[in-house]
Amino acid sequence: MARLANLETEYPVLDSTVRNFCASHGIFSAAFAEQNDSSERLKEGIAQVLSIIDDMHQPWLNGMELLEDAKRNKHVFPTGIQGIDLLLGDGIRVGQLTELVGPSSSGKTQVCLRTASNVARNHMVLYLDTGNSFSPQCIAYFLGKTISPSSAQAKNQFLQKVMSNISCHSVFDIFAMFDVLHQLESYLRCQDGRGCCQMRLLIVDSISSLISPVLGSSSTLGRALMTSAGYLLKKLAHQHNLAVLVSFARVSSVLVWLN
Amino acid sequence: MGSHAKAWLVEDESAREMLDRVLTERPFLLLPPLHRVPLRVGNVVELAGPSSSSKTHILIQAAITCILPKLWKGVSYGGLGHSAMFIDLDCRFDVLRFSELLNHRIMEAANGSSSKVGCHQKDSEAQFARMKPYNEELFALCMKRFLYIRCYDSSEFLATLKTLHYRLQKEREVHGVNVHLLLIDSIGAFHWVDRGSSSFPLEYDNRKSWHLQNVSEAAVQEIRRLLLVHPMLVMATKAVVLGNKYSTNELTWNYRKWSAVDNPYSRNITSDQQLPYREYMPAAWQSFVTHRILVRATDDDLVNGEHQNNSIYLLEWLLPPLNSLDKFTVRDTGVFILS
């Protein structure tokens, strides 16, 4: 929260009289100011301070607005695997973070690749690969199975189009992941609403290999990083209408991170 | 001056009148499954439990009871007709599920009243079709009374609390409804992030550093101030890890060790309120809470006819400590008490 003096350049109503008033009430930063029946100028200043604080949090929505947003934006993408779609209720949902947990070699990467191939037909997909397990051959195979037999050239064109919708990045530590996600956030902020082919799926395979190195038994910083990563993913999912799929290899001593 | 002084001595109302007034304006709430202890505005209820133990569901149930009207177009819904505010710190709220539950409650109440009249199958279907536009109107009315906000970190949470007073005033002026319920989903959501950020000092010395304790104290102070001006019932969930044997045993072992050395009679003091989980919220929040409940899921399932298996949950009152365990299960129409 900025100091009031620093905000004066942006908001000229916060001049020295307002700041003296606030200082007399012990307010040095943009904090809650007591409403006082004094001059208009002070009232303006306080209203300005309040609107600055109002910008610091998400907007309030009522139930109808939430419902409309959910119906309009938060679609469901089938993963292409019947059993999983049945369990999830038709597939993974935009706006939510879906976690696949299982011991190693239980098919998590396969599910991720299958989902990516399914969604990439119509939307863009970002695949964050932490263990060099991304396989374009697998994706081509899944796509090849589902399209109707036609000329080799048409098939090729289709494959090219779908494969170009998937962008794969390798990340090997949690800070690199934060970097990529922040870049993604700024990219999506410019991109939202424009263009027909939008990003709708983010896959992190597997996030446990990024988290377990920073988690020690008594370190708070590791858990703080883990929690912040979770919140960043949820924010991307909700505000930019992405479905997020993360896979997590079960490691015995790690707490369930999404509480 | 003399008349002014005398005016101080004249009574405003008798005790009976005051009780009548308070009980109508601020009624006791009995929300299942929290029906054992009546709750009033000004109470702060903490629902603790491991993950997936229906805590958020209990909050949603309370919100639905709050936003439904008491009586509407001749049908009694048994609600309070006030607004409810939901501060989502976990960011996991599912609005589609919420609207489903609300719809089920509306239909249950509507069907309940029609079946009382004693009409048979055809009539009740026709009545249902007739009621549909009314139900949709009521649904929209109720959903507009549910206010929701998400916070992705502590500074957003504090900013929300600080501007809540003005938001509530605006709501009262524009819609003429009071907010009766403040729901916070997962009060301990930013615990680790705040603990981690205490190692980063801010530039100026005269500002408070961003400590876990400071954030918690600021939040509690804001809510307290808010409750003075807008009396509400506050309900918060808290995710805990049950049976964290390592830490609870270590604490009790250490305590017993040196209490035995100091004073052989102090052993009575140790085990009065042994919580089955490790308390991690700072003291500011702990002393703010007036009621504490522990919920957890059991391994039993209730076979509910067709294919549905609903899990059974156990609820225990820790503050005030009642020696009873309530069993309940969650259905489409809400919480259903089993015992």
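Mentor: Start with two terms. Two strands pair if DSSP finds at least two bridges between them. Strands (E, at least two residues) and helices (H or I, at least four) are DSSP runs, numbered from the N terminus. In general, strands of a sheet pair through backbone hydrogen bonds, either parallel or antiparallel.

A word on the source. This is a predicted model, where local features need pLDDT of at least 70, side-chain atom pairs count only at pLDDT 80 or more, and totals for chains, interfaces and linings use all residues. Residues are numbered from 1 along each chain as its sequence is written, chains are lettered from A and ligands numbered from 1 in the order in which they are written, and side-chain values use heavy atoms, without hydrogens and water.

Now the sheet. In chain A, five strands form an open sheet with parallel pairing. Their order is β4-β8-β7-β5-β6. The edges are held by β4 (97–102) and β6 (166–170) of chain A. Each has a single partner strand, so one side of each is left without a neighbour in the sheet. On average, neighbouring strands of this sheet are turned by 15 degrees against each other, direction ignored. Such angles are taken between N-to-C directions and run from 0 to 180 degrees; the axes are lines fitted to C-alpha atoms, for helices over the stretch in contact.

β4(A) pairs with β8 (residues 243–249) of chain A in the parallel sense, over six bridges. There, A:Thr98 stands opposite A:Leu245 in β8(A).

For contrast, turn to chain B. Strands β10 (residues 325–331) and β11 (residues 334–337) of chain B pair in the antiparallel sense over four bridges. β10(B) and β11(B) form a hairpin, with two residues between them. B:Val330 stands opposite B:Val335 in β11(B).
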